[in-house]
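Thanks for asking me to look this one over. Here are my notes, written to be read with the structure open beside them.

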Amino acid sequence: MTDEMTIVPLNDLKTMLMIKDNEQDDLLTLIIKKTVKSTRFKLGLGTQDDFPSEMDYIPFEVCIRRYNRLKNEGMSSYTQEGEAITFNANDFDDFASDIEAFKKQNNKDDTPRVMFINGYGGTDDEIQ
């Protein structure tokens, strides 16, 4: 299994957030761990599966969003002195189509299927 800190390197995240000291390292590490865990679940990966490097941009971007959202959790919008900020309901919303495409390409598609079996012979038909 790939280590969370390899998927989203702490120093890369700090660079993107323009953090130069180590005072928030514990917080950032927690955000990384929880975000990678959520991403693994959304991608349909088990704990034994390696994290696909082509998808590592998702937890990186979501970590940035989660950090920037601190102290505004649960809000859909925030306004102060004429500045308005609107948050997505889910930090992963912008990546939903990428996640679905990955799942389809890697047989992790969880679309429910119904199978009809013809008791009188003939062919089976699968309906999605």
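This is a predicted model: local features need pLDDT of at least 70, side-chain atom pairs count only at pLDDT 80 or more; totals for chains, interfaces and linings use all residues.

1. I would begin with the largest nonpolar core, which has 24 residues. Those with the most contacts inside it are Val8, Leu13, Leu17, Leu28, Ile32, Leu43 and Ile58. Helices α2, α3, α4 and α5 each supply at least two residues of this core, and α4 gives the most, with 6 residues. As background, nonpolar side chains in soluble globular proteins tend to be buried together.

2. Leaving aside residues up to four places away in sequence, valine 8 touches Leu13, Ile32, Val36, Pro59, Phe60 and Cys63.

3. Next, helix α4, which runs over residues 57-68. Its 12 residues reach 17 Å from the first C-alpha to the last, close to the 16 Å expected at 1.5 Å a residue. Buried in α4 are Ile58, Pro59, Phe60, Val62, Cys63, Ile64 and Tyr67. What covers these buried residues includes α1 (4-7), α2, α3 and α5 (96-105).

4. How many aromatic pairs does a search of the whole structure find? It finds 1. Tyrosine 57 and phenylalanine 95 form this edge-to-face pair, at 6.1 Å centre to centre and 65° between the planes. The pair links distant parts of the chain, 38 residues apart: tyrosine 57 belongs to helix α4, and phenylalanine 95 to the loop between β2 (83-86) and α5. Tyrosine 57 counts as partly exposed because its relative accessibility is 31%, while phenylalanine 95, with a relative accessible area of 7%, is buried.

5. Another ring deserves a look: the charged end of lysine 42 sits over the ring of phenylalanine 92, 5.0 Å from its centre.

6. Most residues other than glycine have a negative phi. Methionine 18 is placed in the loop between α2 (10-16) and α3, and it counts as exposed because its relative accessibility is 70%.

7. Finally, is aspartate 25 buried or exposed? At 17% relative accessibility aspartate 25 counts as buried, because the cut-off for that class is under 20%. Aspartate 25 lies in helix α3 (residues 25-43). Not counting residues up to four places away in sequence, aspartate 25 touches Leu10 and Lys14.

Terms used
Residues are numbered from 1 along each chain as its sequence is written. Side-chain values use heavy atoms; hydrogens and water are left out. Helices (H or I, at least four residues) and strands (E, at least two) are DSSP runs, numbered from the N terminus. Buried means under 20% relative accessible area, exposed over 50%, partly exposed in between (1.4 Å probe, protein chains only). Contact means heavy atoms within 4.5 Å. The expected span of a helix is 1.5 Å times one less than its number of residues. Rings of Phe, Tyr and Trp (its six-membered ring) pair if their centres lie within 6.5 Å; planes under 30 degrees apart count as stacked, over 60 as edge-to-face and the rest as tilted. A charge sits over a ring if NZ of Lys or CZ of Arg is within 6 Å of the ring centre and within 35 degrees of the ring normal. A nonpolar core is a set of buried Ala, Val, Leu, Ile, Met, Phe, Trp, Tyr and Cys residues joined through side-chain atoms within 4.5 Å.
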